[in-house]
Amino acid sequence: MEFLKAPTRVLFFTGKGGVGKTLVACAAAVKLADPGKRVLLISTDPASNLDEVLGVTLGNTPTAVPGVPNLKAMNIDPEASAKAYRESMVAPYRGVIPDAAVASMEEQFSGSCTLEIAAFDEFARLLGGTASTGDFDHVLFDTAPTGHTLRLLSLPSAWDGFLSANTTGTSCLGPLAGLQAQQKLYADTVKALGDPAATTLVLVARPDEAALREAERTSGELAALGVRNQHLVVNGVFRAVEKADPVAVAMERRADKAVSRMPVGLTRLPRTVIPLAPNGLVGIDAVRAMGSTSVQSATAPAIPAPDVPPLGSLIDDLARQGHGVIMTMGKGGVGKTTVAAAVAVALADRGFNVRLSTTDPAAHVAAALNGEVTNLTVSRIDPKAETAAYAAEVMATAGKDLDAKGRAMLEEDLRSPCTEETAVFRAFAAAVAEGAGGFVVLDTAPTGHTILLLDSALAYHREVTRQASGMPEAVGHLLPRLRDPEFTRVLIVTLPEATPVHEAAKLQADLTRAGIAPFAWVINQCLTPLIVTDPVLMSRRAHEARYVREVVTEHTRRAAMIAWQVEPPIGRGPLLALTTTTPSKDLVPA
């Protein structure tokens, strides 16, 4: 890892979901700690899997990692942080002001925006403050998937500017006294992010054209925020050992093609290349060995995989009602966009009117289709556009009869970064409502963000009623629609690997608690249906069988499988083939 030859004190690891940010961050932390450096590894991802990779239960405070004496790790838990933040803001007023006023404050602090600012408070304290991390030589942040990371990293500037301009002392968060006391800390956070002597941004990508494009976009946007000390890690680069294996040759060719077409902006960055490992990297020993040539020669025991039908087996039942909402959900990088696009194309091919949309800031549904498809409309919930529309509506309703001072206060309220979350949620509810007249296929955000979005329904009811003169009908019907299995079908997408499967299981448990029953699981990018002879791919194929079996025996009664594709499924024809081709264990790609 070239970026560890002269490491800065703070390192960020970011990139498109599923590229291996957590693994690279863990490997870097262990490599720094083994020679004696005191290291703190922090996840800011709501869907963090640090616990599983490191083999230790983590919480909101630094915890020692067994087997690595100088390494401690922690997760920033948004819900725990929000609870503590809410209590710190409300507690001083209990017994001082009327109970009704206290209840109103608690209600104001119950929305999703409180989760956002609470998580940011933790982030700023750990990055901008010295008291919490002063005992460590290095602090590493394993950040959330790209869209969420960009929002998180923009918050220091956004909140600093918002507080500097705020004159009334109130916001959608309620009293700003607690935030204004943090202004110096926020200023220190902004300074630390832009200091190349203190901070390195490690962009992690797979040798995949979409992941590399996303890395370049992230690089440019973060450079605009002042984070210019950047390093590129290309993770999982495959080299075929058995040249007679057509799958191996195709996989190597696809990786080489992606790297050769790397965006110009990335070619200027210093680079680390990490080879593809044959097995899932879980546990300290595996993390230590990441990137070594000895890892690639390892083998996995042969475990027979159960038969799982192809994706096309789900389409008849999905089409049966003739309308409704189909949502793809799962950990970042598992292929939700591809599955959503394939399902949408299959339904459109049967003559149904279909809208394909996304709530994921890092999604590329239009790129997956690569052209127009009959009966299919593509859209994206654009945070900036939705925020502008929402702010205009609030000013036209709640602000209509206010005097100049009142309108100024309301405008100030709407400049808060929290307004965006509320506006996007309203657009999500409107998209779901369209399922009453046709099919809506929603490519949703990664696991943690999606759950926060769904869980904010009742809190949003209160917030929109407070700010506007009425509640949109779509919001009022949202929860019943999501809980109706005849209206909403959730496809949980995963990969045949430990972390994606276990994250999907957590997602299913969260959905069940919310009264939403998943329709089926889709296991994507499987080698199981293919014949492979390359030793690394044989090992990976054997390794994935245990997780295919876990899915069908422990997590769902209905699953579908998508084989690894020789060419990326882009465009109507390849996407339609995912739902019409029946793979077999004798399949050898041409």
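The structure is a predicted model, in which local features need pLDDT of at least 70 and side-chain atom pairs count only at pLDDT 80 or more, while totals for chains, interfaces and linings use all residues. Residues are numbered from 1 along each chain as its sequence is written, and side-chain values use heavy atoms, with hydrogens and water left out.

Let me begin with the whole chain. It holds 25 helices and 17 strands; these are DSSP runs numbered from the N terminus, helices being H or I with at least four residues and strands being E with at least two. Of its 590 residues, 56% are buried. Here, buried means under 20% relative accessible area, exposed means over 50%, and partly exposed lies in between, with a 1.4 Å probe and protein chains only. Among contacts with a separation of 6 or more, 77% join residues 24 or more positions apart, where a contact means heavy atoms within 4.5 Å.

I turn now to the helix pairs. Two packed helices are described by the angle between their axes and the distance between the axes. The axes are lines fitted to C-alpha atoms, for helices over the stretch in contact, and the angles run from 0 to 180 degrees between N-to-C directions.

On the H17 side we find Tyr-390, Ala-391, Val-394 and Met-395, which meet Arg-407, Leu-410, Glu-411 and Leu-414 of H18. By class, this contact of H17 with H18 has six nonpolar, no polar and two charged residues. In that count, Ala, Val, Leu, Ile, Met, Phe, Trp, Tyr, Cys and Pro are nonpolar, Asp, Glu, Lys and Arg are charged, and the others, Gly among them, are polar.

How are H23 and H24 placed relative to each other, parallel or antiparallel? Helix H23, residues 498-513, packs on helix H24, residues 535-555, at about 15 degrees, with the axes 10 Å apart. H23 and H24 are therefore roughly parallel. H23 contributes Ala-498, Val-501, His-502, Ala-505 and Gln-508, and H24 contributes Tyr-547, Glu-550, Val-551 and His-555. The contact of H23 with H24 has five nonpolar, three polar and one charged residues.

A further pair is H15, residues 336-349, and H25, residues 572-580, whose axes come within 8 Å and cross at roughly 90 degrees. H15 is therefore roughly perpendicular to H25. Thr-338, Ala-341, Ala-342, Val-345, Ala-346 and Asp-349 of H15 meet Arg-572, Leu-575, Leu-576, Leu-578 and Thr-579 of H25.

Next, the interior. In soluble globular proteins, nonpolar side chains tend to be buried together. A nonpolar core is a set of buried Ala, Val, Leu, Ile, Met, Phe, Trp, Tyr and Cys residues joined through side-chain atoms within 4.5 Å. The largest such core here has 63 residues, and those with the most contacts inside it include Phe-3, Phe-13 and Leu-71. Helix H1, residues 21-33, gives the most to this core, with 10 residues. Leu-71 itself touches residues including Ala-29, Val-30 and Ala-33, when residues up to four places away in sequence are not counted.

Where is Asp-142 found? Asp-142 is in strand E5, residues 138-142, and counts as buried at 1% relative accessibility. Asp-142 and Asn-49 are 93 residues apart in sequence, and their C-alpha atoms are 10.0 Å apart in space.

Finally, two backbone angles. Most residues other than glycine have a negative phi. Asn-375, although not a glycine, has a positive phi of about 75 degrees. Asn-375 sits in the loop between helix H16 (365-369) and strand E13 (376-378), and is partly exposed at 30%. Gln-525 also has a positive phi, near 55 degrees; Gln-525 lies in strand E16, residues 520-526. Gln-525 is among the contacts of Ala-563, once neighbours within four places in sequence are left aside. Thank you for your attention.

Definitions and conventions
Parallel < 35°, antiparallel > 145°, perpendicular 65-115°, else oblique.
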